[in-house]
Amino acid sequence: MAFVLMPIFWLALQVLGFKSFMRWFIGAPSPGRAPVSHDDVVKIARLVNTAGFHLFGSDNCLIRSLYLAWLLRRLGVMCELRIGTRLAPGRLMGHAWIEVAGVPVNDAADVGKHYAVFEKSFT
């Protein structure tokens, strides 16, 4: 499913822009689902990361994170899209990841220490 939906997310982001995409995208987690364990969330995140790398290469953190957030919310998991920036030699770099209960699930546990994280979460 990720191989079909992630390109649609990418296209929608290109056409709508971030602000409009987020208005369409943000929604409450689906109610009535059986709880998903943290271990299962991490496994799902790894699968999404793998699909994203095969589809888009390594520079796809926003698309992977948007898709993962959408998928987790469909499974009833409350999560947040986090976006941060850092200054690397000669350029400004951005990065996106998903946190569940304040813990990154599709990136390193200390990812927030390497980026100036925007105060507002997006999902």
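Modeller: Let's take helix H4, where the buried residues are Cys61, Ile63, Arg64, Ser65, Leu66, Tyr67, Leu68, Ala69, Leu71, Leu72 and Arg73. "Buried" means under 20% relative accessible area, "exposed" means over 50%, and "partly exposed" is in between, with a 1.4 Å probe and protein chains only. Helices (H or I, at least four residues) and strands (E, at least two) are DSSP runs, numbered from the N terminus. Keep in mind that this is a predicted model, where local features need pLDDT of at least 70 and side-chain atom pairs count only at pLDDT 80 or more, while totals for chains, interfaces and linings use all residues. Residues are numbered from 1 along each chain as its sequence is written, and side-chain values use heavy atoms, leaving out hydrogens and water.

Back to H4: eleven of its 14 residues are buried, so the rest of the structure largely encloses this helix. Alanine 69 belongs to H4, and with a relative accessibility of 0% it counts as buried. From the C-alpha atom of alanine 69 to that of glycine 17 is 18 Å, and 52 residues of chain separate the two. For the 14 residues of H4 that gives 20 Å, and the end C-alpha atoms are 20 Å apart, which agrees. After H4 comes glycine 76, with a positive phi near 90 degrees.

What covers the buried residues of H4? The cover includes H1, H2, H3, E1 and E2, going by contact, which means heavy atoms within 4.5 Å. Let's visit some of these neighbours.

H1 runs over residues 2–16, and its 15 residues should span 21 Å; the ends come out 20 Å apart, C-alpha to C-alpha, which agrees. Its buried residues are Ala2, Leu5, Met6, Phe9, Ala12 and Leu13. Looking down the axis of H1, you find these within an arc of 125 degrees, so they line one face of the helix; the arc is that of the directions from the helix axis to the C-beta atoms. Val4 and Val15 are exposed on the face turned away from that buried side. The cover over the buried residues of H1 includes H4 (61–74), along with H2 (18–25) and H3 (38–56).

Tryptophan 10 is also in H1, and at 39% relative accessibility it counts as partly exposed. Leaving aside residues up to four places away in sequence, tryptophan 10 touches Phe56 and Ile63. Just past the end of H1, glycine 17 has a positive phi of about 85 degrees.

Next comes H2, where Phe21, Met22 and Phe25 are buried. These cover an arc of only 100 degrees around the axis, which puts them on the same side of H2. Lys19, Arg23 and Trp24 are exposed on the other side. The buried residues of H2 pack against H4, H1 and strand E1 (80–88).

On a 1 Å grid over the protein atoms alone, a pocket is an open set of points with protein on both sides within 12 Å along at least five of seven lines, and lining residues have an atom within 4 Å of a point. The lining is made up of Ser58, Asp59, Asn60, Cys61, Arg64, Arg91, Leu92, Met93, Gly94, His95 and Tyr115. E2 gives the largest share, five residues. The space in this pocket is about 200 Å³.

Skipping residues up to four places away in sequence, methionine 93 touches Gly84, Thr85, Arg86, Ala88 and Tyr115. Methionine 93 and isoleucine 8 are 24 Å apart in space, C-alpha to C-alpha, and 85 residues apart in sequence.

Key:
Expected span 1.5 Å × (residues − 1). 1 Å grid on protein atoms, 1.4 Å probe; cavity = no way out; pocket = protein on both sides within 12 Å on 5 of 7 lines; lining within 4 Å. Points joined across faces, edges and corners; volume = space filled by probe spheres on them.
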